[in-house]
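Please read them with the structure open.

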Amino acid sequence: MSEGLSRKRALRSFARRLGLGEATAESGLLDTALIHDSYAAETGSRASNERLEFLGDAVLGALVSHALYLRHADAPEGMLSRLRAALISRQALAQTAQRLEIAPLLLLGRGETAAGGAERPSILAAALEAIIGAVYLSEGLEASRVFIERHHLANAKPTEVIDPKTALQEYAQAKYKKAPHYAIAAQRGPSHARVFTVSVSVAGKTVGSGEGATKKQAEAAAARAALAKIGSQRPTRT
């Protein structure tokens, strides 16, 4: 079996696993999305994924912004901006790329391969954005939204990346004009290994609780739980 035919079959299998349409799998754009500029420069005969990455970055930003707008109906702009930044960060995108097992399909130059480039977060994140660009060009905006929702947003946890207490403070101030109230609900363990349980309430209603080795850690855990709960109470799409 020729190398070219083997790659085509691998790309088709990858596209099926990700639920991509035939238009993406057969267009050649998916192949291009997985070509690093080091390989393109070395071979001199293939375009790299840089243009698709540029497009995919824009599509990703717009669709993530739309999803957050729907999910967090009462969240202020500052909180939405922080959530979006976390979701489109190199770290978050690289984690999704690893979960989708993109690395084995990347084409890298010899030097980049030897340096372990297939596991480098910046390269993985760029490849994922390029794939989104390929889906957008081949199948349109709605297919891109489905891909991002299914493979990225469904698994990403932005509230673990942003400062949860600041985000909850912004939410509470914007919706209720009141700051969150934290209270120690319980303490356990010896003085050298104390565990605190803290609850947080907004407008008199408990919205989350968390534990930590310090009060500060427990408060952050409680705020994170509250943000997750608030995020799950999103309006139904029509």
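1. Two strands are said to pair if DSSP finds at least two bridges between them. On that basis E2 and strand E3 (residues 205-212) pair in the antiparallel sense, over seven bridges. The model is a predicted one, and that applies to every point below.

2. The sheet is open and has three strands in the order E1-E2-E3, with antiparallel pairing. E1 and E3 are its edge strands, each pairing on one side only. From one strand to the next the twist averages 20°. Helix H11 (residues 164-176) packs on this sheet and touches E1 and E2. The direction of H11 makes about 25° with that of E2.

3. Strand E1 (residues 181-188) pairs with E2 over seven bridges, again in the antiparallel sense. Six residues lie between the strands in the hairpin of E1 and E2. In that hairpin Gly189 takes a positive phi near 90°.

4. Is strand E2 mostly covered or mostly open? Strand E2 (residues 195-202) is mostly covered, with six of its eight residues buried. On the E3 side, Ser199 has Ser209 as its bridge partner, and Phe196 stands opposite Gly212 of E3. In a regular strand, side chains alternate between the two faces of the sheet.

5. The hairpin of E2 and E3 has two residues between the strands. Ala203 is placed in this loop between E2 and E3, and has a positive phi of about 55° although it is not a glycine. Most residues other than glycine have a negative phi.

6. A second residue to look at for its backbone is Glu101. Glu101 sits in the loop between helix H7 (90-99) and helix H8 (110-114). Its phi is positive, about 55°, although Glu101 is not a glycine. The position is just after H7.

7. Which residues of H7 are buried? They are Ala92, Leu93, Ala94, Thr96 and Ala97. The cover over these buried residues includes H5, helix H6 (77-87), H9 and H10.

8. Two of those covering helices also pack on each other. Helix H5 (residues 50-71) and helix H10 (residues 141-153) pack at an angle of about 70°, and their axes are 10 Å apart. H5 is therefore roughly perpendicular to H10, the range for that term being 65 to 115 degrees. From H5 the contact uses Val59, Leu60, Leu63, Val64, Ala67 and Arg71. From H10 it uses Leu141, Ser144, Arg145, Ile148, Glu149, His152 and Leu153. By type, the residues of this contact are eight nonpolar, two polar and three charged.

9. The largest nonpolar core holds 59 residues. Ile102, Ile131, Phe147 and Leu168 touch the most other members of this core. Helix H9 (residues 121-139) gives the most to the core, with 10 residues.

10. What does Phe147 contact, leaving aside its neighbours within four places in sequence? Its contacts are Leu18, Leu20, Leu100, Leu128, Ile131, Ile132 and His152. Of these, His152 is also among the H10 residues that meet H5.

11. Phe14 lies in helix H1 (residues 3-17). Phe14 counts as buried because its relative accessibility is 2%, and buried means under 20%. Not counting residues up to four places away in sequence, Phe14 touches Leu30, Leu100, Glu101, Ile102, Leu105 and Ile131. The list includes Glu101, the residue with the positive phi in point 6. Phe14 and Ala25 are 11 residues apart in sequence, and their C-alpha atoms are 8.5 Å apart in space.

Notes: Residues numbered from 1 in each chain as written. Predicted model: local features only at pLDDT ≥ 70, side-chain atom pairs only at ≥ 80, totals over all residues. Heavy atoms only, no water. Buried < 20%, exposed > 50% of the residue type's maximum accessible area, 1.4 Å probe, protein only. Helix = DSSP H or I, 4+ residues; strand = E, 2+ residues; numbered from the N terminus. Axes fitted to C-alpha atoms, helices over the stretch in contact; angles between N-to-C directions. Parallel < 35°, antiparallel > 145°, perpendicular 65-115°, else oblique. Contact = heavy atoms within 4.5 Å. Nonpolar A, V, L, I, M, F, W, Y, C, P; charged D, E, K, R; others polar. Core = buried A, V, L, I, M, F, W, Y, C linked by side-chain atoms within 4.5 Å.
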